Amino acid sequence: MPPNPQLNAKGELQHLLSIEGLPREILTQILDTAEPFAGVTEREVKKVPLMRGKSVFNLFFEASTRTRTTFEIAAKRLSADVINLNVAVSSQSKGESLLDTVANLSAMQADVFVVRHGSAGAPYLIARHVKPHEHVINAGDGRHAHPTQGLLDLYTIRHYKKDFTRLTVAIVGDVLHSRVARSLIHGLTTLGVPEVRVIGPQTLMPAGVESLGVRVFHDMRAGLKGCDVVMMLRLQNERMNGPLLPSAAEFFRNYGLTAEKLALARADAIVMHPGPMNRGVEIDSPVADGPRSVILPQVTFGIAVRMAVMSIVAGN
Amino acid sequence: MKLLIKGGRVIDPASGRDEVGDIFIAAGRISGDKAKADRTIDAKGLVVAPGLIDLAARLREPGHGYKATLESEMDAAVAGGVTSLACPPDTTPPLDEPGLVDMLRRRAKALERARVYPVGALTVKLAGERLTEMSVLAHAGCVAFSQANVPITDTQVLWRAMQYAATFGFPVWLRAEDKWLSREGVAHDGEVATRLGLAGIPAFTETIALATLLQLVRSTGARLHVCRLSTAAAVDMIRAAKKEKLPVTCDVGIHYVHLSELDLGYFDSHCRLDPPLRSQRDREALAAGLADGTVDCVVSDHAPVDEDQKQLPFAEAETGATGLELLLPLVLKWGAERKLSLARTLARVTSDPARILGVQSGRIEPGAPADLVVFDPAQHWRVAPDALRSQGKNTPFLGYELAGRVRATIVAGNVVYEDVR
């Protein structure tokens with residue numbers, strides 16, 4: 001195995017490409033760094049000068065509103081200059097290669113590239129070709145990883161549950177296609193969560209998912225028993241009717257989170273969702289809007305976590 | 001011209017001969033008479049063996065001249081000690097009509113390097129719908145019929161194609177792959193693909209298709225050569241089929257006896273191969289099956305790919321690896337790891353593929369074609385782009401130190417490659 005491409009020679013975070021392979025200390029450093037930033041976002045003047053004069057390029061080869069926006073807000077609150085590039089509709093459609101696009105942007109003096117791409121591993125390819133002072137942050141690559149989402153999920157769990165080492169966490173739905181699930185699983189196992197469960201039909205479970213350190217449940221009721229955290233995954237429209245699932249309604253019947261099913265989890269269990277939600281498909285509205293839901297705080301924490309990640313990599 | 005190769009360690013896998021001696025060559029053949037030579041090659045300290053026979057090497061002509069040219073790849077072949085090669089029909093257009101086959105053979109012959117044996121398309125445009133004119137193609141020089149990496153999905157067509165080929169005794173060389181099961185996949189459906197978020201190709205993609213192929217062999221009597229086995233389960237199925245005396249042979253690509261899914265590392269697109277690199281257990285079964293003869297021979301599966309087509313995210317990168325110049329050192333590495341004699345090791349790239357191809361080369365005996373390789377089994381070299389003559393520099397072995405360097409290659413009595421030092 002080649003050396004971890006995310007770390008520099010001193011073992012510090014050079015790029016953030018995946019939670020997998022990051023030591024517990026770095027994950028904790030990011031979460032700790034995010035804490036005071038969560039305060040910044042509530043101040044009247046929501047800016048700190050940590051990245052003044054630095055340029056952050058948002059490079060989205062795949063459509064996204066929420067993630068791109070929160071990265072933009074995070075960079076601006078760090079006083080960085082932000083350039084948004086919707087590459088999906090520009091260079092790529094003109095036939096320019098991924099690496100040519102990056103080389104051109106790099107010539108415009110970037111410090112941080114925030115990359116989303118439909119293909120797993122694309123940020124690794126970019127990270128191999130950027131200059132030594134440039135940093136790559138993966139904002140989602142195919143089914144592989146969405147590390148800042150994983151980190152904000154970890155932040156949220158820590159905020160409400162304090163101690164990772166006593167928790168049971170369930171991740172429910174389309175694990176097969178989910179980069180969010182993969183990143184969260186790696187984060188939870190690294191931080192010492194003793195039981196991580198994945199719940200869904202066989203058709204939405206990747207081969208050998210147990211090797212990631214999770215227990216598999218096909219019966220949602222059994223899987224939710226005793227859980228402290230319930231993370232619901234988004235089910236993409238195009239997967240609702242076909243060879244993987246017969247219909248959204250049947251999926252909801254088996255794997256949708258309702259108040260009745262949530263009652264099987266611990267009384268103080270929190271409900272999370274990476275958004276955007278499909279109400280009535282993976283989650284029932286009364287649960288999504290109910291007292292156990294921390295779905296909106298996740299979004300707020302996401303800004304602080306992204307500020308932490310950007311300031312840490314830019315400082316290394 | 002009369003040639004003498006003097007004082008080398010002569011290894012003939014077909015007979016098991018392994019001794020220091022001289023080889024005389026006259027009129028393009030190995031000679032029993034010790035005639036006075038016009039030229040002598042000093043092979044002291046070197047191995048003299050039959051030239052390698054590679055049953056799968058893409059020359060990228062016609063149609064893919066930007067990836068490689070016939071010249072560059074024929075240079076690569078002889079630099080790798082390969083004296084005969086069969087080329088799959090996945091050119092553009094595919095080798096489905098006699099004019100193309102004829103042109104390829106003539107162009108290759110004019111270059112006077114390795115012998116080229118075209119494998120014809122089994123169906124028109126490899127589309128899996130209509131049969132090609134197999135008799136006409138055989139007359140033009142096709143030695144077998146294949147679908148390259150484009151398996152026939154319609155089993156009715158597959159059945160009829162095998163029936164038709166069997167009628168005339170034409171061998172069919174087919175990959176065992178169920179295209180429905182593999183259609184979105186880019187990596188072995190296992191722990192690594194799950195971790196990397198890559199769409200998986202399950203192992204049963206191969207065994208389900210192989211079961212179909214073997215059943216069709218039973219019913220049609222077609223002579224089947226199964227190309228590029230990738231799973232342990234398929235090796236077991238071939239072992240059983242041979243026990244049953246079915247007319248079945250098979251090969252494995254050299255990458256699959258050395259590498260596994262773990263070599264994908266952080267999305268190394270040089271490991272994007274078709275079929276995919278599978279588990280370590282599969283790799284072990286392939287390497288063992290090749291040693292015990294269940295797997296008849298090993299091929300380079302040479303596929304030069306333009307660097308731009310590899311500098312892409314894993315799933316988008318083109319499949320294939322360059323292999324002609326790595327086949328010999330990698331076969332030696334496999335033989336050393338399994339503690340096989342040099343003769344047994346080299347059989348899998350000489351006499352065994354010769355048997356499948358039905359040619360006289362691949363052996364050292366009086367009257368056999370003088371297709372030979374002279375190599376230094378102990379000389380190490382570093383795999384680097386500028387060390388390769390192939391236009392394809394794409395290999396998972398970049399940076400490896402490998403033992404075994406070709407010093408001279410002889411085809412039909414002519415020295416076609418020499419490592420001048």
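Reader: When does a residue count as buried or exposed here?

Author: A residue is buried if 20 or more other C-beta atoms lie within 10 Å of its own, and exposed if 12 or fewer do. Keep in mind that this is a predicted model.

Reader: Okay, so which way do the residues of strand β8 of chain B point, and are they buried or exposed?

Author: Start with the general idea: in a regular strand the side chains alternate between the two faces of the sheet. In strand β8 (residues 115-118) of chain B, B:Arg115 and B:Tyr117 point one way, while B:Val116 and B:Pro118 point the other way. All of them are buried.

Reader: Which strand is β8(B) joined to, and by how many bridges?

Author: Strand β7 (residues 82-87) of chain B is joined to β8(B) by 4 bridges, and the two run parallel. To get from β7(B) to β8(B), the chain passes through helix α2 (residues 98-111) of chain B, making a right-handed β-α-β crossover. Across the pair, you'll find B:Ser84 opposite B:Arg115.

Reader: What about the largest nonpolar core? Which residues touch the most other members?

Author: That core has 242 residues, and those touching the most other members are A:Ile171, A:Val172, A:Val230, A:Met310, B:Val172 and B:Val226. Helix α11 (residues 295-315) of chain A gives the most to this core, with 10 residues. Take A:Val172: leaving out residues up to four places away in sequence, its contacts include A:Ile199, A:Met220, A:Val230 and A:Leu257.

Reader: And how many residues does each chain bring to the contact?

Author: Chain A brings 26 residues and chain B brings 20. On the side of chain A that touches chain B, α4(A) gives the most, with 3 residues. That side divides into 14 nonpolar, 8 polar and 4 charged residues.

Conventions:
Residues are numbered from 1 along each chain as its sequence is written. Chains are lettered from A and ligands numbered from 1 in the order in which they are written. This is a predicted model: local features need pLDDT of at least 70, side-chain atom pairs count only at pLDDT 80 or more; totals for chains, interfaces and linings use all residues. Two strands pair if DSSP finds at least two bridges between them. A crossover is right-handed if, with the strands pointing away from the viewer, the path from the first strand over the helix to the second runs clockwise. A nonpolar core is a set of buried Ala, Val, Leu, Ile, Met, Phe, Trp, Tyr and Cys residues joined through C-beta atoms within 7 Å. Two residues are in contact if their C-beta atoms, placed from the backbone, lie within 7 Å. Ala, Val, Leu, Ile, Met, Phe, Trp, Tyr, Cys and Pro count as nonpolar, Asp, Glu, Lys and Arg as charged, and the others, Gly among them, as polar.
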